[in-house]
2 protein chains.
Amino acid sequence: MLLDTLGKNAKSAAAVLACAGTELKNKALLAAADALMSRSGDILEANLRDVNHGIQIGLPKNLIDRLTLDRKRIAAMAEGVRQIAALPDPVGGVDKGFTRPNGLRISVVRVPIGVVGVIYEARPNVTVDAAALCLKAGNAVILRGGSDASASSICLTQIMREALEKAGLEKNCVQYVDDPSRETAAAMMKLKYLDVLIPRGGSGLIRTVKENASVPVIETGTGNCHIYVDKRADIKKALDILINAKTQRTSVCNAAESLLVHRDIAPVFLPQAADALISAGVEIFACPESLAILGRYKASPATEEDYGKEYLSLKISVKIVGGTEEAIEHINKYGTHHSDAIVTESYTESEKFLAAVDSAAVYVNASTRFTDGFEFGFGGEIGISTQKLHARGPMGPDALTTYKYVIRGDGQIRS
Amino acid sequence: MLLDTLGKNAKSAAAVLACAGTELKNKALLAAADALMSRSGDILEANLRDVNHGIQIGLPKNLIDRLTLDRKRIAAMAEGVRQIAALPDPVGGVDKGFTRPNGLRISVVRVPIGVVGVIYEARPNVTVDAAALCLKAGNAVILRGGSDASASSICLTQIMREALEKAGLEKNCVQYVDDPSRETAAAMMKLKYLDVLIPRGGSGLIRTVKENASVPVIETGTGNCHIYVDKRADIKKALDILINAKTQRTSVCNAAESLLVHRDIAPVFLPQAADALISAGVEIFACPESLAILGRYKASPATEEDYGKEYLSLKISVKIVGGTEEAIEHINKYGTHHSDAIVTESYTESEKFLAAVDSAAVYVNASTRFTDGFEFGFGGEIGISTQKLHARGPMGPDALTTYKYVIRGDGQIRS
C-alpha cells in the first residue's frame with residue numbers, strides 16, 4: 001500500500017484512538033496477547049520462512065538468532081503485552097493546573113502524540129513491543145522492520161490488527177510498511193503524517209534517520225557507558241558492578257565500555273579488576289599509567305579511539321584519573337550521554353557526579369545495566385533516548401504522550 | 001568567528017552553567033537588566049544604524065517598526081529580564097521519584113537542555129528575550145537574528161555577555177552568529193553542538209529550518225485559530241470573544257482566523273457577528289449557507305483555501321457546521337494545532353471539544369489570544385510550539401529544560 005495512504009489511515013485511526021477509554025485499549029492488548037498464543041503455529045510458520053531465507057543469503061549467526069522465534073519467545077512477547085495492559089494509562093493524567101489572576105483555569109493534560117513511526121531492524125519482537133506500547137499510549141503506529149524479518153513482522157502485525165478489531169477499535173491503529181525499498185524508507189522519514197519517528201537499532205540506522213528525516217526524530221541507542229571507581233569506593237561493590245556492567249550481556253547499549261579509576265585506589269583496585277575481567281574473558285585497553293600498574297596482566301595500550309568506542313563485546317578501556325572532576329570531564333567528552341556510574345562511599349563525590357555527568361541515567365553504586373524500561377518499572381520501552389528533547393533514557397508509555405493546555409474561562413478577552 | 005568555535009565555546013560554557021546556582025543566574029539576569037537601562041544610549045545608536053540601513057534598502061514600514069527601538073521599548077526589555085529573574089528556577093525540580101523492588105531509588109530530575117540555538121528575524125527584542133530565558137533555564141545559547149537588525153543584536157548580545165561576566169559566569173553562555181550568509185545559517189542547522197534549534201519567525205523561516213536541520217528542532221509559530229460558536233453559546237460572550245480574538249491584534253499567531261457557527265444559532269448570531277466584524281474593518285469570507293443568511297452584509301464566498309489560511313490581517317473565514325463533531329473535524333483538518341476555542345454553555349459540548357480538538361491550547365469561553373507565555377504566567381516565551389514533541393504551546397523556562405534519571409543504589413547488579 002502507498003505510504004501516503006498508510007499515513008492518512010493512521011491519522012484518522014489516531015483521532016478515534018485518542019478518545020478511546022483505557023478499558024477498550026486494554027481489551028485490545030489482552031486480545032492481542034491471547035491471539036499471539038493461540039496463533040503461535042502461524043507465527044512460527046512465517047518465522048521459519050524468514051529464517052530459511054536468512055540462512056540462504058548467509059546472514060551471520062547472531063542475526064539469525066535474533067530473528068528466530070520459538071514458542072518460549074512467543075510466550076514472552078504475549079507476556080510483555082499483558083504487562084503493558086496492566087500498566088496505568090498515561091493518557092488523561094493532569095501534570096499541573098493553576099488559575100490565572102483573570103480567572104482562567106489552565107490545566108496541563110497528557111494526550112497521545114498521535115501518529116508514531118518506528119523504523120527497526122530484523123527483530124520480530126520489536127513489532128509487538130512497539131505496537132503494544134503505542135496502543136497503550138493511544139497512538140497509531142506505522143511500523144517498518146528489517147526486510148529479513150518481514151514475513152514474521154507482517155504476520156505479527158496482522159494478529160495485532162485482528163485483536164484491535166475484535167476489541168472494537170480501528171485496525172489501522174497498527175500498520176506495517178510492506179515494502180523493503182530504500183526509497184520507501186526515505187519517504188517515511190519525510191512522511192508528513194508522522195508526529196514522531198523513532199529509529200530503533202544500530203548506530204548506522206540511527207544516523208541515517210537523523211540525517212534524512214524532516215519529521216521530528218527521537219534518537220535512541222548507542223551507549224558508551226562508564227564505571228568510575230572513586231578512591232573511597234567499596235572494592236567489593238566496585239568489582240561486582242564492573243563485572244556485571246561489562247559482562248552480564250555485552251551486546252546491549254547499557255553495558256559498560258570504559259572503566260575510570262581514581263589514582264589513589266588504582267594500585268589496589270586495578271589488579272583485582274584485571275583478574276576478574278580477564279577471568280570473564282574481557283580484553284583490556286589501558287592508559288600508560290594503568291599499564292604500568294597492571295604489569296603482569298595482559299592488557300593492550302588504549303588509543304584515543306578506544307575511549308570513544310561502544311565495543312558491544314568483551315572489551316573495555318581503562319583509564320586512571322585524578323578525581324571525580326576529571327572523571328566527569330572524560331565521561332562528558334567521550335561518552336554518549338546514556339548511562340554512567342560512580343562507585344563511592346563519599347557523599348560529596350556522589351553528589352558531584354550526579355550533578356555534573358550529562359547523561360540520561362546517572363548511577364551511584366549500581367550497575368548501568370539497569371537502564372531499561374522493564375527495570376525502571378515502565379513495563380517495556382520503545383527505545384532508550386540519548387537525546388535531550390522530549391524524552392531521555394528508557395521510553396515507556398509516558399514518553400509516548402505529549403500534553404495540551406486545557407483552558408476554561410467564562411468570557412475572558414485580552415486587553 | 002567560526003560556527004564550530006561558537007559551538008565548542010557554548011558546550012563548555014553550558015557544562016559550567018548547568019551546575020551554577022539559581023542566585024548566580026539571577027544575579028546575571030539582574031545585571032543584564034541594569035545594563036540595558038544604563039547603556040540605552042549605545043543600544044539606540046546601534047539601532048539607528050540598522051533603521052537607517054533598513055530605510056535605505058527600502059524595508060516595508062511594518063518591518064522598520066518591528067526593528068525600531070526607543071527608550072520605552074528598551075525599558076520593556078529590561079523589565080522582561082527582571083520578570084524572568086523573579087521566576088522560579090526550573091532546574092533541579094524533581095518530577096517524580098520511586099523505589100524499585102531491588103532497592104534502587106530513582107528520581108527524575110529537571111536539568112538544562114544544554115546548548116540551544118535560536119534562529120530569528122530582524123527583531124532586536126528576541127535577542128534579549130531568548131538569551132534571558134535560556135540563561136534562566138541554565139542553557140548556553142547561540143543566537144542568529146535577521147541581518148537587518150544585526151548592529152542592534154550584536155550590541156544587545158555584548159551587554160548580556162558583560163553582565164554574565166560581571167556576575168561571575170562564563171560570557172560564552174550567550175553568543176551571536178555575526179555572519180548573515182545563507183551558508184552559515186545552513187551550517188547552524190547541522191551544528192552538532194546544538195541540543196535543540198528553535199526557529200522563531202514567519203512560516204518560511206520555520207519551514208526552511210524544519211526541512212534542513214539535522215539537529216532536533218522545535219517547530220513554532222503558525223496559527224490558524226478557530227472560534228466555534230455552539231448552539232448553546234451565550235451570544236454576548238461569543239461576540240466579545242470573536243472580536244477580541246480576531247481584531248485585538250491581527251499579526252500574531254494566536255489571533256483567530258476562522259469562525260465556525262452551529263447551524264441552529266447561525267440565523268441569530270451571524271448577522272450580529274457580521275455587524276461587529278465589519279464595524280471593526282474585518283473582511284468576511286463565508287460558506288454558501290452563511291452567505292445566504294448574511295444577505296445584506298458584505299461578504300465574499302470562501303474558497304477551500306480560505307479555511308486553511310493564516311491571514312494575519314483583518315480577514316476571517318466563516319462556516320456553518322452541524323454540531324461540535326463537525327467543528328472538531330474541521331479544526332483538526334484545516335487548523336495548525338495552535339489554539340482553538342468553543343463558546344458554549346453546554347457542559348457536554350465543552351468537554352467533547354476539549355477532548356477531541358488536537359491543539360496545543362483548547363479553550364472554553366475565552367479568547368485564543370491568551371496563548372502566550374506572559375498570559376500563562378511563564379514570564380515570557382521562546383516561542384509557541386505547534387509540534388507535539390517535547391513542548392507544546394507557549395515555551396517558558398520549563399520547556400527549556402529536560403530531565404535525567406538519578407539512580408542511587410548500594411551495590412545492585414542485574415541478574
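In this predicted model, the two copies meet through the same surface, since 100% of the interface residues of chain B are also interface residues in chain A; contact here means heavy atoms within 4.5 Å. Because the model is predicted, local features need pLDDT of at least 70 and side-chain atom pairs count only at pLDDT 80 or more, whereas totals for chains, interfaces and linings use all residues. Residues are numbered from 1 along each chain as its sequence is written, chains are lettered from A and ligands numbered from 1 in the order in which they are written, and side-chain values use heavy atoms, with hydrogens and water left out.

Two copies of a chain are related by a rotation about an axis and a shift along it.

In chain A, A:I113 occupies the loop between β2 (105-112) and β3 (115-120), where helices (H or I, at least four residues) and strands (E, at least two) are DSSP runs numbered from the N terminus. A:I113 is buried, at 1% relative accessibility; buried means under 20% relative accessible area, exposed over 50% and partly exposed in between, with a 1.4 Å probe and protein chains only. Neighbours within four places in sequence aside, A:I113 is in contact with A:N139, A:D195, A:V196, A:H390, A:A399, A:L400, A:T401 and A:T402, and also with B:K388 and B:L389 of the other chain. A:F374 is 261 residues from A:I113 in sequence, and their C-alpha atoms are 22 Å apart in space.

Helix packing was examined in chain B. Helix α2 (residues 22-38) packs against helix α7 (residues 150-166) at an angle of about 135°, with the axes 8 Å apart; axes are lines fitted to C-alpha atoms, for helices over the stretch in contact, and angles run from 0 to 180 degrees between N-to-C directions. The arrangement of α2(B) and α7(B) is therefore oblique, given that angles under 35 degrees count as roughly parallel, over 145 as roughly antiparallel, 65 to 115 as roughly perpendicular and the rest as oblique. The residues in contact are B:A28, B:A31, B:A32, B:A35 and B:L36 of α2(B) with B:L156, B:I159, B:M160, B:A163 and B:L164 of α7(B). By class, this contact has 10 nonpolar, no polar and no charged residues; Ala, Val, Leu, Ile, Met, Phe, Trp, Tyr, Cys and Pro count as nonpolar, Asp, Glu, Lys and Arg as charged, and the others, Gly among them, as polar.

Helix α6 (residues 124-136) of chain B also packs with α7(B), at an angle of about 25° and with the axes 8 Å apart, which makes α6(B) roughly parallel to α7(B). On α6(B), the contact includes B:P124, B:T127 and B:V128, and on α7(B) B:S152, B:S153 and B:L156 are among the residues involved. The contact of α6(B) with α7(B) comprises eight nonpolar, four polar and no charged residues.

Two non-glycine residues of chain B with positive phi were also considered. B:L312, with phi of about 55°, is in the loop between α13 (304-307) and β11 (315-321) and is partly exposed, with a relative accessible area of 34%. B:N365, with phi near 55°, is in strand β13 (residues 361-366) and is buried, with a relative accessible area of 5%.
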